[in-house]
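Thanks, everyone. Please bring the structure up on your screens and follow along.

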Amino acid sequence: MAEYSAPRGTRDLLPSETPKWQYLESVFRDACALYGFEEIRTPTFEHTELFTRNLGETTDVVSKEMYTFKTKGDRELTLRPEGTAPTVRAYVQHNLGAAMPVNKLYYIARIFRYERPQAGRYREHTQLGVEAFGSEDPALDAEVISFAARFFDKVGITNYALKLNTIGCPNCRPNHRKALVEYVGDRLQDLCATCQDRFERNPLRMLDCKDERCKTALAGAPVMADYVCAECAAHFERVQKYLTEMEIPYALDHNLVRGFDYYTKTAFEFVSGELGAQNAIGGGGRYDNLVQEIGGAPTPAIGFGIGLDRLLLTLDALAVELPVDNPDIVFVAGMGESGHEAAIKIVSNLRDNGIAADMDYTGRSLKAQMKIANKLGARWAVIIGDDEIATSTVALRDMRSSEQHTVAMALLLDHIKQYSR
Ligand code: HAM
């Protein structure tokens, strides 16, 4: 057992795993290009107030899960527990809205939450996120949601469900809140301790509780959709119309409230049956007031975050083979000292010509070097020793067919290029 191990809730991604991550990241980047989203990279940590003031004081993330620390200068910073507030902060700070009426941004970011680790829940996870600023058109909601759905289709998630809800706006939400509080009334003692607390501080979040007692007690609770104002209702209807036109299946879920207070109108979540309790593989919604709350001009916006870690777990559970291919590598095996010297030159020359190449640096026998070539999945092995040097040739072995030919050194490059396809 090693003396040190990665902190609880974090993981090392080893070379055997990273190709899958790189593949999914590249599919996501390609999709972003297709939908017109540009990359933004924000710092790993922000001033703590950005999160405490804008995500909702009573949310689990702010009240329990932030990694907050003091700097030597006595400022409080927090490792980002989500990607939306930092993106909005950057959007406002750099006045991106002035240059373009609609800004569509994406990020691939590590996110930090001090949660109890379990399958699919980590203290450090990665999100593929998009945020679109500058339009309240419900077509943009449909675009963002369909983007996520098509992305899941593309990578091979066949069994996801899209849950959709409207959570209204500051005009209509108080009506629902009042009705909800009245409904709970003397049922309060039937709720779990957390929900009794939520009842006081943030009643909407009771609807999202996974505790069976709360689910039963709140089964007939008033639903937001019945209380939304005409504007929110019309918006929601249009979102649904566009999704139907785009043939994106969805299910209305009146209890979907999401984990942050910044959301308005459309809220959505993608769930997969493969993940047990942590079944959300992505989620997002509109946040039409957040830009203004963070100090910008009033700017409607909508976005989502997809959990890359959970996406991979789901793909594994579905036994989806990702098309991760290694480059055709050439392994150069030198025999003896002069063979080793020659191998150094050949490897360097191959690389200079854009061909992936490697060699042994531990003085192993030819047999052992061929084993390494096999382990590396080499496409070709080039073997060189005193005899080959004397005749300016190399032995070129096709590792797939095990056929071996003598090739003039000067023609090696052409040979590999010609037959690698
Ligand atoms: P969120 O629902 O908190 O939303 O997180 C988005 C996704 O990140 C989740 O659906 C899940 O797949 C993944 N995730 C969350 N926590 C963990 C964890 N502890 N371990 C592994 N995966 C996790 C947001 O963060 C919003 N900022 C999304 C958004 C963007 N809304 C608008 N724009």
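Predicted model: local features only at pLDDT ≥ 70, side-chain atom pairs only at ≥ 80, totals over all residues.

Start in the loop between β8 (251–252) and β9 (264–272), where Arg 258 is found. Phi of Arg 258 is near 70°. That is a positive value in a residue other than glycine. Is Arg 258 buried or exposed? The relative accessible area of Arg 258 is 13%. The cut-off for buried is under 20%, so Arg 258 counts as buried.

Asn 95 is not a glycine either, and its phi is positive, about 50°. Look for Asn 95 in the loop between α4 (84–93) and α5 (96–99).

Back to β9. Strand β9 holds Phe 268. The relative accessible area of Phe 268 is 0%, so Phe 268 is buried. In sequence, Phe 268 and Leu 376 are 108 residues apart. In space, C-alpha to C-alpha, the separation of Phe 268 and Leu 376 is 44 Å.

On to the ligand. How many residues surround the ligand? The count is 27. The closest are Glu 82, Glu 115, Glu 131, Tyr 263 and Ala 280. By class, the shell around the ligand has 9 nonpolar, 11 polar and 7 charged residues.

Gln 127 places a polar side-chain atom 3.3 Å from an oxygen atom of the ligand. Gly 282 uses its backbone: a polar atom there is 3.2 Å from a ligand oxygen atom. Gly 303 also comes in through its backbone, with an N or O atom 3.5 Å from a nitrogen atom of the ligand. How much of the ligand does the protein cover? On its own, the ligand has 650 Å² of accessible area, and the protein covers 95% of that.

Which elements give two or more residues to the shell around the ligand? They are β6 (124–133), β10 (280–286) and β11 (301–307). The top contributor to that shell is β10, with 6 residues.

Now empty space. Why roll a probe at all? A probe the size of a water molecule, rolled over the atoms, shows where empty space is left. Searching the whole structure gives 1 cavity of 30 Å³ or more. The largest cavity holds about 70 Å³ of space. Its lining is Arg 11, Leu 13, Trp 21, Arg 110, Glu 124, His 125, Thr 126 and Asp 309. Sort that lining by class and you get 2 nonpolar, 2 polar and 4 charged residues. Strand β6 gives the most to this lining, with 3 residues. Recall that β6 also gives two or more residues to the shell around the ligand.

Last stop, the second largest pocket. About 320 Å³ of space lies in this pocket. Its lining has 18 residues. Nearest the centre of the pocket are Arg 173, Arg 177, Asn 202, Leu 204 and Asp 261. Which helix gives the most to this lining? Helix α7 (residues 173–184) does, with 5 residues.

Note on methods:
Residues numbered from 1 in each chain as written. Heavy atoms only, no water. Near = heavy atom within 4 Å. Polar contact = N/O pair within 3.5 Å; in protein donor to acceptor, adjacent residues only side chain to side chain. Areas by Shrake-Rupley, 256 points an atom, 1.4 Å probe, with all protein chains shown as cover. Helix = DSSP H or I, 4+ residues; strand = E, 2+ residues; numbered from the N terminus. Nonpolar A, V, L, I, M, F, W, Y, C, P; charged D, E, K, R; others polar. 1 Å grid on protein atoms, 1.4 Å probe; cavity = no way out; pocket = protein on both sides within 12 Å on 5 of 7 lines; lining within 4 Å. Points joined across faces, edges and corners; volume = space filled by probe spheres on them. Buried < 20%, exposed > 50% of the residue type's maximum accessible area, 1.4 Å probe, protein only.
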